[in-house]
Amino acid sequence: MDPLNSQPFFVLGSTSVSVVEGSDNSVALIGGVTLTDADDVRASAVISVIAPQEGDVLSVSDSQALGVSIATDGLSATVAITEFASLVDALQAISYASAANFTNPLSRNISVSVFDAGSRGQLPQGNASSTMEVVVHITPVNNAPVISGPVAPAQFTEGQLMPSDMFSEVNISDSDDVQLSAFVQLITSFPGDSLELSE
Ligand SMILES: [Ca+2]
Ligand SMILES: [Ca+2]
């Protein structure tokens, strides 16, 4: 009698996926899966984000429809022991999304581990497992800066400089930048008009 529990063996159709940054842009992590085990027909799985960043989310689409129990805390998902075909369906239902901004580094490694059910009762050898990784490449989006403030024209006396705080009530923000440049232009100008820099 062979006392060993053979390792489950699985091959992912792809070990690399891409997604645009932002919680609205999730990507399924796993496409095709080939799963075999010389001495088991049932297995469980755990998928985890390695070195997760703030805003990373693993989600599961409609696990009830799959009839498989999938528990997730947002950064990992655990598929309960089930038949191979159902396990493959469950793995394909797991997606990743990043935060809206500041996604550096621009890739994540996701570990995929499959544990067999130890169906032959070979304990104490226990459940055998194997692990692969999927790399998610995140495409960043540069959000445009937003400028807001008084729209009423500033008033000044002819021949005198407009106060240098003419932009003091203008607000400028950028959701993914901390350094900005600006260009100020007189849209309509007349002879004698000029823009000057105060000391
Ligand atoms: Ca096995
Ligand atoms: Ca920006």
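Two residues are taken to be in contact if their C-beta atoms, placed from the backbone, lie within 7 Å. By this criterion, and leaving aside residues up to four places away in sequence, Ile 47 touches Leu 29, Leu 58, Ser 76, Ala 77, Ile 94, Ile 110 and Val 112. The structure is a predicted model, in which local features need pLDDT of at least 70 and side-chain atom pairs count only at pLDDT 80 or more, whereas totals for chains, interfaces and linings use all residues. Residues are numbered from 1 along each chain as its sequence is written, and chains are lettered from A and ligands numbered from 1 in the order in which they are written.

The pLDDT, which is the predictor's confidence in each residue on a scale from 0 to 100, averages 87 over the protein, and 89% of the residues score at least 70. The protein contains two helices and 13 strands, where helices (H or I, at least four residues) and strands (E, at least two) are DSSP runs numbered from the N terminus. Among these elements, the lowest mean pLDDT, 73, belongs to helix 1 (residues 63-66), and the highest, 97, to strand 2 (residues 16-20). Of the contacts in the protein with a separation of 6 or more, 70% are between residues 24 or more positions apart.

A residue is classed as buried if 20 or more other C-beta atoms lie within 10 Å of its own, as exposed if 12 or fewer do, and as partly exposed in between, the C-beta atoms being placed from the backbone. On this scale, 22% of the 199 residues of the protein count as buried. A nonpolar core is a set of buried Ala, Val, Leu, Ile, Met, Phe, Trp, Tyr and Cys residues joined through C-beta atoms within 7 Å. The largest such core has 30 residues, of which Ala 45, Ile 47, Val 79, Leu 87, Leu 91, Ile 94 and Ile 110 touch the most other members. At least two residues of this core come from each of strand 5 (42-50), strand 8 (76-83), helix 2 (84-92), strand 9, strand 10 (107-116) and strand 11 (129-139), and helix 2 gives the most, with five residues. The buried residues of helix 2 are Phe 84, Leu 87, Val 88, Ala 90 and Leu 91. Because these residues cover an arc of only 160 degrees around the axis, they lie on the same side of helix 2, the arc being that of the directions from the helix axis to the C-beta atoms.

Strands are paired if DSSP finds at least two bridges between them, and three of them form an open antiparallel sheet in the order 3-9-6. Strand 3 (27-28) and strand 6 (57-60) stand at the edges with a single partner strand each, so one side of each has no neighbour in the sheet. Strand 6 is joined to strand 9 (residues 94-97) by four bridges, and Val 60 stands opposite Ile 94 in strand 9. Ala 97, also found in strand 9, is buried, with 21 other C-beta atoms within 10 Å. The C-alpha atoms of Ala 97 and Ser 23 are separated by 5.3 Å, although these residues are 74 residues apart along the chain.

Two loop residues were also examined. Asn 127, in the loop between strand 10 and strand 11, is partly exposed, with 19 other C-beta atoms within 10 Å. Ala 51, in the loop between strand 5 and strand 6, is exposed, with 8 other C-beta atoms within 10 Å, and its phi is near 55 degrees, a positive value in a residue other than glycine.
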